[in-house]
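The exercises below are meant to be worked with the sequence and the coordinates open side by side. Please try each task before reading its solution.

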Amino acid sequence: MAAAIMPLHRPGTSLLHRTGVGTKFLLVFLFALAVSLQRENVWVVLGAWALVLLGHLAAGVGVTGLLRRLWGLRWILIILTVPQLIFLDPQTTALNVSRVVAVIMVAGLFTLTTRTTDIMTAFDRALRPLGRCGVDTSRISLALSLTIRSVPVILAFSSQIQEALRARGRRVTPKALVMPLLVMSLRHAEETAEALAARGVR
């Protein structure tokens, strides 16, 4: 599940791997903007999913990897779908969920083909002009870095909890997953804060 929602960087030499961070970030932004503005256009949604498929093939993930990542998003699919079915018709719900999941998949491709250090370097370079206005860009970069690095950590917690539940013969349900995940995430945040304080970062 973890790797499917927000995969860690996967080394490679594909075109997507070689594309610059800024270009990829812009493409993800334009992709999200297009599917948001054309939310009721079925052809735009189908085209978006065609791009998702091509992107995964180009990144060397393949159809199997794409399906594995979709399976990892099953809880998000349920959370997105059920409430909308109460208030919306099935067709509108399908379009809305398809748009959101397509954006998640494309964002996942970004992290899959981009090293964290490259992302942070790009952020630091983009924020540099703000330093002339008195903005502490190092703190912003640090916050972004911690946020990005926390995502795979929390998802690893999720995997650990699921494995522990299965080892005890229990079903993995949102109710059984959420509370332990919340406790482990808060504990990780507290430990991170203590480590930063010990290094003089406040």
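What follows is a set of tasks, each with a solution in steps.

This is a predicted model, in which local features need pLDDT of at least 70 and side-chain atom pairs count only at pLDDT 80 or more, while totals for chains, interfaces and linings use all residues. Residues are numbered from 1 along each chain as its sequence is written, and side-chain values use heavy atoms, with hydrogens and water left out.

**Exercise 1. Describe the overall build of the protein chain.**

Begin with the secondary structure, which comes to 10 helices and zero strands; helices (H or I, at least four residues) and strands (E, at least two) are DSSP runs, numbered from the N terminus. Next, take the extent: along the principal axes, the C-alpha atoms of the protein chain fill a box of roughly 55 × 45 × 35 Å. Then consider the division into domain 1 (19-114) and domain 2 (132-199), whose bounds come from an automatic or database domain assignment. The C-alpha centres of domain 1 and domain 2 are 24 Å apart. Finally, 30% of the 202 residues of the protein chain count as buried, where buried means under 20% relative accessible area, exposed over 50%, and partly exposed in between (1.4 Å probe, protein chains only).

**Exercise 2. Find the aromatic pair and classify its geometry.**

A pair of aromatic rings is described by the distance of the centres and the angle of the planes. The rule is that rings of Phe, Tyr and Trp (its six-membered ring) pair if their centres lie within 6.5 Å, and that planes under 30 degrees apart count as stacked, over 60 as edge-to-face and the rest as tilted. A search of the whole structure finds one such pair. Its members are Phe25 and Phe110, and because their ring centres are 6.2 Å apart with the planes at 65°, the pair is edge-to-face. Phe25 belongs to helix 3 and Phe110 to helix 7 (residues 90-112), so that the pair links distant parts of the chain, 85 residues apart.

**Exercise 3. Which residues of helix 5 are buried, and how are they arranged around its axis?**

In helix 5 (residues 62-72), the buried residues are Gly62, Gly65, Leu66, Arg69 and Gly72. Viewed down the axis of helix 5, these buried residues fall within an arc of 120°, and therefore they line one face of the helix; the arc is that of the directions from the helix axis to the C-beta atoms. On the other side of helix 5, Thr64, Leu67 and Trp71 are exposed.

**Exercise 4. Identify the salt bridge and judge the exposure of its partners.**

The structure holds one salt bridge, a term that requires a side-chain nitrogen of Lys or Arg within 4 Å of a carboxyl oxygen of Asp or Glu. The partners are Arg115 and Asp118, whose side chains meet at 3.0 Å, N to O. Arg115 counts as partly exposed at 45% relative accessibility, and Asp118 is partly exposed with a relative accessible area of 27%.
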